[in-house]
Amino acid sequence: MFKKQRTGGGLGRYIVVRFLLIIPTIFILVTLVFFLMRLTGDPITAALGGRLNATQLQERIHSAGYDRPILVQYIEYLGQIATGNFGNSISDNRPITEILVTYGAATLELAFYALIVAFIVGIPLGLLAAYFRDKGQDAVLRVFAILCYATPVFFAGILLKLIFSVWLNVLPVAGRASTGSEFEMQDLPHTTGFYLIDAFQTGDPAVISDVLLHAVLPAVTLGLLTAGIFLRLVRTNVIGTLSTDYVDAARSRGVSEYRLVRKHAYKPALIPIITVIGLQIALLLSGAVLTESTFEWKGLGFQLAQYLGARDFVAVQGIVALLAVIVALTNFIVDVAAAIIDPRVRY
């Protein structure tokens, strides 16, 4: 009798392994940021070197502990972030946790809007490109996809602002909401930091409309970056599905090409989309730095650019650490969803 050999660990083991991989991912990124940011010296000198005399500067460096060996600082830093203590920013002396809470919601809200734009634009156009394969429409859509993910985010943002805010004057040029709407949302007893949720809490249609109008240009600018990738991915996978045996059998029974694309090839083409969402979240968060700066969208990306300009290493480390956590958790959730939908990804 041959002993039955196990061929896999199942979904539970896959989820556990993927969850445990979050820890080294965050650890490696935090470590790289810590050492790379210190290649030019200590954070105090970098941020305040031109505003303090030599004695005051040395006192600040000593009190902050930046004159100790780098490995001692590194071990202490790991101990701090393990307890959720990211310290205070150097340039404005604000607790890093306060900065993360205050501006994190804005970045997540923008990424959510951009992902919606990517789905609305990328998936239908990808289906159309597959339906009109190797025809003029397909060529136009493929060029559009290349332009979407090849155009720099800041350039696309400036171009959209010029067209819709300056020339046509139909959309706001910058910000998350008008001043009046922000005051009305600040009067709420419990604000979330997500302007759309807070706008609905006010119950004022004018505030809701104002928040949505301010979100259009930033969301489209950032969303098109991912929409181009989704378009090419859906097109490729739908074309691949249309060449399978069961689709050929349906085609031989007289099923129209449109119905084949809409009914038979649509859902299988979405599986690769789900598997790459995690990577696209990282792309959206990196693109949010330029998008938020272009539209003065006060989120983590905007603040990160400000702190980089001020050479505030402590604030940069805290923001990057949070972004690393968001990306790692998103990838974990996406991997689990992909494993549930498509058992072939389980190992």
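Which helix gives the most to the nonpolar patch? I began with this entry, and I found that helix α8 (residues 153–167) gives the most, with seven residues; helices here are DSSP runs of H or I of at least four residues, numbered from the N terminus.

I note that this is a predicted model, in which local features need pLDDT of at least 70 and side-chain atom pairs count only at pLDDT 80 or more, while totals for chains, interfaces and linings use all residues. Residues are numbered from 1 along each chain as its sequence is written, and side-chain values use heavy atoms, with hydrogens and water left out.

I looked up the patch members, among them Phe154, Ile158, Trp167 and Leu290, and the patch has about 990 Å² of accessible area together (Shrake-Rupley method, 1.4 Å probe, only the protein chains shown counting as cover). Patch residues have over 30% relative accessible area and no salt bridge, and nonpolar side chains are joined within 5 Å. Isoleucine 158 is found in helix α8.

I then turned to salt bridges (a side-chain nitrogen of Lys or Arg within 4 Å of a carboxyl oxygen of Asp or Glu), and the count comes to six. Arginine 235 forms one with aspartate 138, the closest N and O atoms being 2.8 Å apart. This pair links helix α11 (residues 205–242) with helix α7 (residues 136–150), the two residues being 97 residues apart. Arginine 235 is buried at 10% relative accessibility and aspartate 138 is buried at 0%, where buried means under 20%, exposed over 50% and partly exposed in between. Salt bridges that share partners join Asp138, Arg142 and Arg235 into one network.

Methods: Patches are made of residues with over 30% relative accessible area and no salt bridge: like charges are joined within 9 Å, nonpolar side chains (Val, Leu, Ile, Met, Phe, Trp, Tyr) within 5 Å. Buried means under 20% relative accessible area, exposed over 50%, partly exposed in between (1.4 Å probe, protein chains only).
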